[in-house]
Amino acid sequence: MAAIRDIAKVCKSKNAGPFELTIDVVFETRAQYDAVAATGVLGPELIARLYKVAPSDVLFTPYPAGLAFKATIPRAIPAGDLGDTDVYGCQQHAPLLDVDIPVNQWPTGEP
Amino acid sequence: MSHGTALCRMLSTSGILGYGFPEASLDLGMTRGVHMLGVDGGSTDPGPHYLGSGKTLNSHRAMRRDLRLMLRAARRHGVPMVIGTCGGAGGTPHLAATADIVRALAAEDGFHFRMATIEAEQDPASLKRAHADGRMARLPGGPAPDPAALDRSARVVAMMGPEPIAAALDGGAEVVLAGRSSDPAPWAAMAMRAGLPPAPAWYAGKMLECGATPAVPKGHDCLVVEVGPDGVTLEPAAPERRCTPSSVANHSLHENPSPCIHIEPGGILDTTDCRFDAISDRAVRVSGMTWNPQPYTVKLEGAELAGYRAISVCGTRDPLLIATLDDFLARVRDAVATKAAALGVEPDGYRLIIRRYGVDGVMGASEPRRDARPHEVGFVIEVVAPDQDSADAVLALARVTMLHTDFPGRLCREGNMAFPYSPSDVACGPVYRFSVFQTMTVDDPLAPFPIHFEDV
């Protein structure tokens, strides 16, 4: 088992327009990306559970060219609307950091 | 430059006009035979305030600094300068503020040129006719198109594609200041005018819209992109930055719902089959992008007044209070409601939001850790009301109620909160919210965007 905070190269969130939030997890090598993809843990169901949205509202895109997984979800409160906590949406990634990815042998960082 | 050239080299100075960039990078980048330089001027990212209020995102001082260097570089090299989404939100006041700065700089430096300004602000009456004609469509996550929202909005802009910018350049403009525009539009316009296909032209714009962000290390700096018929080559201007296949591929993730499908006015840029090849340790060539034409739509963005805000900042270091925080804040809310009613402000006449930094200030209701009990908690007390006077009055009550409300086991009987400032209360003025976020089908990509030419 390995937490995303310990194995990802990038884990970030940002607005994709004022009404959607997009979350990216990027890995260093193709072998690492493939190992994570093979577990099936990083997917729309995980994002739906972590961010309390319906799985059908998660646009999930594996992006092998960028060694990345991308999830886009509706914002609970549009950017800058009353009660919004994060106008840029750039501090909503933390729940992913502690997600465990069940890989037995983690590939090294060498491409 | 002449039409039909098989290559077009373009420079972007930074992510947004006024963010700043190293002067040396601009000078170095311009020596690479650049055909045009530009910068994107804004986005919806900083929130609805700028569109609603008409204020610019960055200071006039910062825009002036960037524009002076850009204008000098453009005039020295005899190439066009194009600014997209002027002033942050691209409405009429934002465009006017940017144009005023350019005119003043030209006068100071003794430059004369033909300038085009392209309006993007829309008249609600014509938008309502388009609504009645069935030309509006909802965007993912956005509100359903509603003619009443068009009326309520303080300002509505449409996002232009490359066509109005290309028309301005065709009209002889050497400086083009565009209102709200698709971020890649300035560069897509220039490349397509040079006879290059839409796919690499749009891709180049997608990379240039954020300055050197596709390079590592990240920073507000200049990027040069060369567009050819089959792809683009990216190389940052500053020698200490590098584009790598992964840094460029990952830029497709930035602020997009999908890294592969990019919906733009008039079509979809599909980057699913892109190849990223390092051609040096600092330059990357990207090929394999495709452009799929679609019915021509423009995005509409509107902001409406949501009230007036007042805030106060404070914190507690009292573990007894922190242990009973939810109950304490419920008590504060009840007391504020009673006191506000005595001032003639009923509970539905204001909104009280108490942000709790250290507990759930960053994620709010979606914070998964509900049990955090830090040693101190910071608060932003916020009141939004229909007028500033009511907001100020209720905030003052909320502030003193936070300070002096009793709680079980209280030992700190002189006050619950540390306030760092006197005065403790800040009147923030009007608050806007996004009211319109949808697309509109248009027959003519130029029609919503009048172009004004002037000799500066």
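Student: How many residues of chain A are in contact with chain B, and how many of chain B with chain A?
Tutor: In this predicted model, 38 residues of chain A are in contact with 36 residues of chain B.

Student: Which elements of chain A give two or more residues to that side?
Tutor: They are strand 2 (10–15), strand 3 (20–26), helix 3 (44–51), strand 4 (59–63) and strand 5 (68–74) of chain A.

Student: And how do the residues on that side divide into nonpolar, polar and charged?
Tutor: The side of chain A that touches chain B has 19 nonpolar, 11 polar and 8 charged residues.

Student: Those strands, then. In what order do they form the sheet in chain A?
Tutor: The order is 2-3-5-4, in an open sheet of 4 strands with antiparallel pairing. Strand 2 and strand 4 of chain A are the edge strands, each pairing on one side only. From one strand to the next, the twist averages 15°.

Student: What packs on the sheet?
Tutor: Helix 3 of chain A does, and it touches strand 3, strand 4 and strand 5 of chain A. The direction of helix 3 makes about 45° with that of strand 5 of chain A.

Student: How many bridges join strand 2 to strand 3 in chain A?
Tutor: There are 6 bridges, and strand 2 and strand 3 of chain A run antiparallel.

Student: Which residue is the bridge partner of A:Cys11?
Tutor: A:Val25, in strand 3 of chain A.

Student: What holds paired strands together in general?
Tutor: Strands of a sheet pair through backbone hydrogen bonds, and the pairing is either parallel or antiparallel.

Student: Step back a bit. What pattern does chain A follow along the sequence?
Tutor: The pattern is β-α-β-β-α-α-β-β-α-β, which comes from 4 helices and 6 strands.

Student: Switching to chain B. How many helices and strands there?
Tutor: Chain B has 13 helices and 19 strands. The C-alpha trace of chain B spans about 80 × 50 × 45 Å along its principal axes.

Student: What percentage of chain B counts as buried?
Tutor: Of its 456 residues, 52%. As for contacts in chain B with a separation of 6 or more, 76% are between residues 24 or more positions apart.

Student: Why is helix 9 of chain B described as largely enclosed?
Tutor: Because 11 of the 11 residues of helix 9 (residues 198–208) of chain B are buried, the rest of the structure largely encloses that helix. The buried residues include B:Trp202, B:Tyr203, B:Lys206 and B:Met207.

Student: What about the largest nonpolar core: how many residues, and which have the most contacts inside it?
Tutor: It has 154 residues, and B:Met10, B:Val176, B:Ala191, B:Ala204 and B:Val394 have the most contacts inside it. Strand 15 (residues 297–316) of chain B gives the largest share of this core, with 9 residues. B:Ala204 is also among the buried residues of helix 9 of chain B.

Student: Which residues does B:Val394 touch?
Tutor: Leaving out residues up to four places away in sequence, B:Val394 touches B:Val336, B:Ala340, B:Val345, B:Tyr350, B:Leu352, B:Val383 and B:Ala385.

How values were computed:
Residues are numbered from 1 along each chain as its sequence is written. Chains are lettered from A and ligands numbered from 1 in the order in which they are written. This is a predicted model: local features need pLDDT of at least 70, side-chain atom pairs count only at pLDDT 80 or more; totals for chains, interfaces and linings use all residues. Two residues are in contact if their C-beta atoms, placed from the backbone, lie within 7 Å. Ala, Val, Leu, Ile, Met, Phe, Trp, Tyr, Cys and Pro count as nonpolar, Asp, Glu, Lys and Arg as charged, and the others, Gly among them, as polar. A residue is buried if 20 or more other C-beta atoms lie within 10 Å of its own, exposed if 12 or fewer, and partly exposed in between; C-beta atoms are placed from the backbone. Two strands pair if DSSP finds at least two bridges between them. Axes are lines fitted to C-alpha atoms, for helices over the stretch in contact, and angles run from 0 to 180 degrees between N-to-C directions. A nonpolar core is a set of buried Ala, Val, Leu, Ile, Met, Phe, Trp, Tyr and Cys residues joined through C-beta atoms within 7 Å.
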